[in-house]
Amino acid sequence: MDNPSRVFAAIVPAAGREFTGNEKEQELEVRAVNRQSSGNRVREVQVTGTAEVCCPADRVSVRVSVGNSKESVNEVTNSVSRRLEYILQALRQHGIKDEDATVRRFLHREADLYHMDAEVTVTFSDFEKMERICSVLLEKLDKSVCVGTPQFYHSAECLSQLRRRVCVSAVENAQQKASEVSQLLGQSLGPPLLVREEDTREWRNEDEDDGGRRGQGATPLPHLPRTPTITASSRVSVSFSLRDKSRKKL
């Protein structure tokens with residue numbers, strides 16, 4: 001009986017190699033192992049591969065508030081309601097659905113005056129549309145409206161897609177390298193035997209650069225909101241069966 005043979009190979013790509021969609025392969029380790037199993041020789045290549053994918057926020061929330069004070073409830077209600085209706089009308093004209101906007105009203109009394117505050121919270125997926133609407137409201141309503149700082153975030157669907165994408169990317173990187181190593185060893189790569197995701201990580205990048213839009217020596221824009229990104233990494237372990245090319249030809 002022949003003794004089981006083992007062949008080990010390690011591949012470490014150049015650091016910082018970039019992939020489409022900000023995907024980065026960090027490390028890949030390949031082992032080819034021959035083992036005895038029930039009288040049949042089992043050949044496999046075991047691969048561990050990693051990948052990173054960055055994803056910008058896909059949603060932004062903006063709060064628009066109006067308020068006023070009058071001597072009677074009717075006067076303050078009519079005053080605030082007119083501006084509130086203008087805000088909602090502007091949203092509808094720009095294609096914002098009713099379910100993407102929530103309205104809150106609060107009426108209270110202080111001494112001889114009635115105060116009413118109203119707030120509209122709008123969720124956008126189109127950031128340029130958000131900027132246009134904010135500009136229109138500030139231009140038309142001037143000081144009678146307060147437009148809050150945009151709050152960017154990632155939707156649940158976006159995060160789910162990011163996690164799937166980084167896992168698939170890690171498996172693709174592993175398969176590509178395993179195929180190259182199997183050819184180097186004179187083998188043909190067979191179907192996968194086991195795919196296991198061993199580690200996943202996520203972290204936020206709040207302070208993104210401006211992509212070179214700000215020239216050297218230019219004054220920074222402290223009130224310009226920046227779109228945050230989330231980076232996800234995945235490390236997978238994949239085992240492929242190996243087929244001898246010489247046997248395949250017989």
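In what sense do strand β6 and strand β8 pair, and over how many bridges? They pair in the antiparallel sense, over eleven bridges. The legends below describe close-up views of this predicted model.

**View 1. Strands β6 and β8 of the predicted model, paired antiparallel.**
Strand β6 covers residues 59-70 and strand β8 covers residues 113-124. Two of the facing pairs can be picked out by residue. V66 has A118 of β8 as its bridge partner, and K70 stands opposite Y114 of β8.

**View 2. Strand β6 with strands β9 and β10.**
Strand β9 is formed by residues 145-147 and is joined to β6 by three bridges, with the two strands running antiparallel. Here V66 stands opposite V145 of β9; V66 also has a bridge partner in β8, namely A118. Strand β10, residues 151-153, is likewise antiparallel to β6 and joined to it by three bridges. In that pairing S61 stands opposite Q151 of β10.

**View 3. The hairpin of β7 and β8.**
Strand β7 (residues 101-110) runs antiparallel to β8, and ten bridges join the two. R104 has E119 in β8 as its bridge partner. Two residues lie between the strands of this hairpin, and A111 takes a positive phi near 60°.

**View 4. Packing of helix α1 against helix α2.**
Helix α1 spans residues 73-93 and helix α2 spans residues 127-141; their axes are 11 Å apart and meet at an angle of about 150°. Because this angle is over 145 degrees, α1 and α2 count as roughly antiparallel to each other. The crossing of α1 past α2 is right-handed. On the α1 side the contact is made by R83, Y86, I87, A90 and L91, and on the α2 side by I133, V136, L137, K140 and L141. By class, eight of the contact residues are nonpolar and two are charged, with no polar residue.

**View 5. Confidence along the protein chain.**
The mean pLDDT of the chain is 81, and 74% of its residues reach 70 or more. Over residues 1-32 the pLDDT is below 50, and this stretch has 79 contacts in the model beyond near neighbours in sequence. Residues 208-220 also have pLDDT below 50, with seven contacts beyond near neighbours in sequence. Where pLDDT is low, predicted coordinates should not be read in detail.

Notes
Residues numbered from 1 in each chain as written. Predicted model: local features only at pLDDT ≥ 70, side-chain atom pairs only at ≥ 80, totals over all residues. Heavy atoms only, no water. pLDDT = per-residue confidence, 0-100. Contact = heavy atoms within 4.5 Å. Axes fitted to C-alpha atoms, helices over the stretch in contact; angles between N-to-C directions. Helix = DSSP H or I, 4+ residues; strand = E, 2+ residues; numbered from the N terminus. Parallel < 35°, antiparallel > 145°, perpendicular 65-115°, else oblique. Left-handed = near helix turned anticlockwise from the far one by under 90°. Nonpolar A, V, L, I, M, F, W, Y, C, P; charged D, E, K, R; others polar. Pairing = 2+ DSSP bridges.
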